[in-house]
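Hi everyone, thanks for coming. Please have a look at the sequence and the fold on the screen, and then I'll walk you through a few places in it.

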Amino acid sequence: MKFADKLFLSMLSILAAAFTIFGLWMLNSDFQRLLDKEKDQAFQQLQMLWYLFDTSYASYEIYGEDYAIQAALDSISLSTGDRTVGYFAYASGSIIAGSDPWLLVTSGMAGGLTSYIVEMAENIDETHNSVYGIQKLSRSYDGMHVLVQIISYDTGSDTIVLGIYQDISETYSDREYYMHQYWIAVLVLLAVGAVLVAILSRALTRPIERLGGVVNQIAAGDYTKRSGYRSGDEIGELAKNFDKMADTLLNYITEQEQIAREKEQEARRKELEARQKEDFTNAFAHELKTPLASIIGYADMLNTVKMTEEERREAYYYIYSQGKRLESLSYKLMELASVERHPLNGSIIDVKKLEENIRVTMRPVWEQEEIQGKAVFEKGFIWGDMDLLLSLLYNLISNADKAVEKGGFVVLRGQKRADGGYQITVVDNGRGIPKEEIGRVTEAFYMVDKSRARKQGGAGIGLALCQTIINLHRGTLKIVSDVGEGTAIRLSFPSVEEMRREEKNASQT
């Protein structure tokens, strides 16, 4: 059974019980009030009967008790003339009638009233010298209700019971009529109330049903659904707390998904690092193997084979050149390891100092190699390490110089960015890099043209070192290149203020 139906039945039951209990109490209270009024009137009449009987009985007492009682009752009947009330006297075990408007007493049983009067008269005692009762007569008397009230009268030698009786059926009939009318009213009120309660129960449970629908949608996987119910009552508070719980659940799921993604990324990163380390080891071994094989081979030839002077000079040259290559490789590896191991010791650097250093250093080199080289930097500042930045730029310039032919150009441009950062671009019109190779050129020992790079003394570590240095400076390195047209490498550095904030936060934590 739905909650709305339970609420409907509960409220309707409460309403029916309230109508029934209150109505019955009200009707019974009113009936009791009317009955008490009848009893009070009967008691007043009984007292008058006692007074009149006392006055008349004394006059006829000399003629005997039975005669005095009947004479007193006849005298009272003549003086009152009230045919709505019957009165009697009970003495010596029998009833003596004073009036009989309904033929209630002289007819014997009289619908059970005679025996009832006798029973009341026999049981009266000194403690209760006045008692009353109500007797319902048999169906032959239409089920009449008769109020009987008696009082004891002490003659000195005996005790006589005086009583009155009157029909109060109208009071009972009124109660039955009003009770019937009340039940009709209750049924009408319950019918109207049932409609109103049904509407009210649906209105009260509609937010709960809507909340249940949202729960089902969330259970189905739509975690963005919310109840949207806003009210100051308990259901509104429940909906608000449910929405908070859903937000917390969504945040938890998002966090768990983020953690899962981070773990997956970390696993991929570790896998990539492992593969890169393996590639690095293989490449390093290969880079060592070639020059060492040349050195060992030419040294063995010098030691075991008779050679001409020209051949000896050529062997010495190969041994020397391959030794220099190993020396260059060791220096590059040491520099790369040193940069990765030590944190950035930054300060504010004027880019004009970088420009001046490059111009002074590279001018004779570019003139000797017949390369059109130029460095033009706008005014600005970078937060970083001067030596690392110069190593970064010289490695990029060296790669550019190797890529261009005589008469080519290498240009360095520096300019401020709109967000306060600084950008340096190294452009050349050399051989360029194939699109599929651009993503790997920053890996250690990776070379696009291995034979040419070795002839020029390269080992494939320069761009890996550049990537490490730019990462330490919280910057980015982007390569744009077309084969046969040249290459542009853009270095983007964050603003000095941003780097200061990061350094401050790092020091506080």
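Before we go on, a word on what you are looking at. This is a predicted model, in which local features need pLDDT of at least 70 and side-chain atom pairs count only at pLDDT 80 or more, while totals for chains, interfaces and linings use all residues. Residues are numbered from 1 along each chain as its sequence is written, and side-chain values use heavy atoms, with hydrogens and water left out.

Now, what does Arg 269 pair with? Its partner in a salt bridge is Glu 266, and the closest N and O atoms are 2.2 Å apart. A salt bridge here is a side-chain nitrogen of Lys or Arg within 4 Å of a carboxyl oxygen of Asp or Glu. The general idea is that side chains of opposite charge can pair when their charged atoms come close. Arg 269 and Glu 266 are three residues apart in helix α5 (residues 234-304), so about one helical turn separates them.

How many salt bridges does a search of the whole structure find? The count is nine. Another one joins Arg 359 to Glu 355, with the closest N and O atoms 2.8 Å apart. These two are four residues apart in helix α7, so again the separation is about one helical turn. Arg 359 counts as partly exposed at 38% relative accessibility, whereas Glu 355 is buried at 5%.

My next pair is Lys 435 and Asp 482, whose side chains meet in a salt bridge at 3.1 Å, N to O. Lys 435 sits in the loop between β10 (422-428) and α9 (450-455), and Asp 482 in strand β11 (residues 476-482), so the pair ties together parts that are 47 residues apart in sequence. Lys 435 is exposed, at 56% relative accessibility, and Asp 482 is partly exposed, at 33%. There is also a network: salt bridges with shared partners join Lys 352, Glu 355 and Arg 359.

Let's stay with α7 and look at how it packs. Two packed helices are described by the angle between their axes and the distance between the axes. Helix α7 (residues 351-368) packs with helix α8 (residues 386-403) at an angle of about 35°, and their axes are 11 Å apart. The axes are lines fitted to C-alpha atoms over the stretch in contact, and angles run from 0 to 180 degrees between N-to-C directions. On the α7 side, the residues that meet α8 include Leu 354, Ile 358 and Trp 366; on the α8 side, Leu 389, Leu 393 and Ile 397 are among them. Contact means heavy atoms within 4.5 Å.

Next, helix α3 (residues 113-123). Which of its residues are buried? They are Leu 113, Thr 114, Tyr 116, Ile 117, Met 120 and Ala 121. They cover an arc of only 165° around the axis, so they lie on the same side of α3. That arc is taken from the directions from the helix axis to the C-beta atoms. On the other side of α3, Glu 122 and Asn 123 are exposed. The buried residues pack against β1 (85-91), β2 (94-97), β3, β4 and β5 (159-167).

That takes us to Met 144, in the loop between β3 (130-136) and β4 (145-154). Is Met 144 buried or exposed? It is buried, with a relative accessible area of 16%. Leaving aside neighbours within four places in sequence, its contacts include Leu 137 and Asp 167.

Finally, the whole chain. It has 11 helices and 12 strands, and buried residues make up 36% of its 509 residues.

Methods. Buried means under 20% relative accessible area, exposed over 50%, partly exposed in between (1.4 Å probe, protein chains only).
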